[in-house]
Amino acid sequence: MNTPNNKRKKESIARIEQVFIDLLQTKELGEISVSELCKKAGLNRTTFYANYQDVYELADSIRDKLESNVRELYREEITQGFNSNDYLKLFRHIRDNQIFYKTYFKLGYDNQYKIFTYDSALARQHFQNRFVEYHMEFFKSGITRIIKMWLESGCRESPEDMFEIIQSEYRGREEFFSQQEPGQGG
């Protein structure tokens, strides 16, 4: 392979992605045309079509990159099969990559919950293996909304503050269950 061409291709892809992300901050996905994107990127349409079928495939590519970056944060845990519930790493990553997360959520990928996973073993323990699917959905929806609010505020609070919010939810749950009579709880 010709290394200079690979470098040029990577630079073209990076330019297309950046212009696409910039356009998504003021437009909806369906309002972005390949022609407009290429014009703003200073590239011709053949360069775009050599890499993507359409803007929807480009959007999926952006999603895949972000999800891959998040998986990389937790690679050791994934490989070793444990969950540290270390959301501090995630909140730091969000703060450092705000525009990508805003794009991710704007494109509606948050409904697929691929950014983070839920510790179902911990949920079974906390909830005595009752209604775990409901608790998982509640947590996923809650953390998604918290992340969106944080992004909307420009990540005003520190990642440590956001992690404390999540931890306090777990502590509150533990305190709640420690106060319940056997057979009570949800």
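Student: What kind of crossing does α4 make as it passes α6?

Tutor: A right-handed one. The rule is that a crossing is left-handed if the near helix is turned anticlockwise from the far one by less than a right angle, and right-handed if clockwise. Keep in mind that this is a predicted model, where local features need pLDDT of at least 70 and side-chain atom pairs count only at pLDDT 80 or more, while totals for chains, interfaces and linings use all residues. Residues are numbered from 1 along each chain as its sequence is written, and side-chain values use heavy atoms, with hydrogens and water left out.

Student: Which residues make the contact between α4 and α6?

Tutor: From α4 you have Leu66, Asn69, Val70 and Leu73, and from α6 there are Lys89, Leu90 and His93. Contact here means heavy atoms within 4.5 Å. By type, the residues of this α4 and α6 contact split into four nonpolar, two polar and one charged. For those labels, Ala, Val, Leu, Ile, Met, Phe, Trp, Tyr, Cys and Pro count as nonpolar, Asp, Glu, Lys and Arg as charged, and the others, Gly among them, as polar.

Student: At what angle do the axes of α4 and helix α6 cross?

Tutor: Roughly 145°, and the axes come within 10 Å; helix α6 covers residues 87-96. The axes are lines fitted to C-alpha atoms, for helices over the stretch in contact, and the angles run from 0 to 180 degrees between N-to-C directions.

Student: And why are α4 and α7 called oblique to each other?

Tutor: Start with the angle: the axes of helix α4 (residues 55-73) and helix α7 (residues 98-106) cross at roughly 125° and come within 10 Å. Now the cut-offs: angles under 35 degrees count as roughly parallel, over 145 as roughly antiparallel, 65 to 115 as roughly perpendicular and the rest as oblique. The α4 and α7 angle falls in the rest, so the pair is oblique. This time α4 passes α7 in a left-handed crossing.

Student: Which residues of α4 and α7 meet?

Tutor: Ile62, Arg63, Leu66, Glu67 and Val70 in α4 meet Phe100, Tyr101, Thr103 and Tyr104 in α7. The residues of the α4 and α7 contact come out as six nonpolar, one polar and two charged.

Student: Glu67 counts as charged. What makes Glu67 count as buried?

Tutor: Its relative accessibility is 4%. Buried means under 20% relative accessible area, exposed over 50%, partly exposed in between (1.4 Å probe, protein chains only). With 4%, Glu67 is under the cut-off, so Glu67 is buried. The C-alpha atoms of Glu67 and Tyr104 are separated by 9.5 Å, although these residues are 37 residues apart along the chain. Tyr104 is one of the buried residues of α7, with Tyr101, Thr103 and Phe105.

Student: How do you know that Asn97 is partly exposed?

Tutor: Asn97 has a relative accessible area of 21%, which puts it in the in-between class, so Asn97 is partly exposed. You'll find Asn97 in the loop between α6 and α7. Asn97 and Leu66 are 31 residues apart in sequence, with 9.1 Å between their C-alpha atoms.

Student: Why is Cys155 called buried?

Tutor: Because its relative accessibility is 10%. Cys155 sits in the loop between α9 (132-152) and α10 (159-179). Cys155 also has a positive phi of about 55° although it is not a glycine. Most residues other than glycine have a negative phi.

Student: Let's zoom out. How many helices and strands are there in the protein chain?

Tutor: There are 10 helices and zero strands. Helices (H or I, at least four residues) and strands (E, at least two) are DSSP runs, numbered from the N terminus. Of the 186 residues of the protein chain, 37% count as buried.

Student: How far can I trust it: what pLDDT does the protein chain average?

Tutor: The average is 82, and 76% of the residues score at least 70. pLDDT is the predictor's confidence in each residue, from 0 to 100. Among the elements, helix α2 (residues 34-41) has the highest mean pLDDT (96) and helix α8 (residues 120-126) the lowest (65). Over residues 175-186 the pLDDT is below 50. Where pLDDT is low, the predicted coordinates should not be read in detail.
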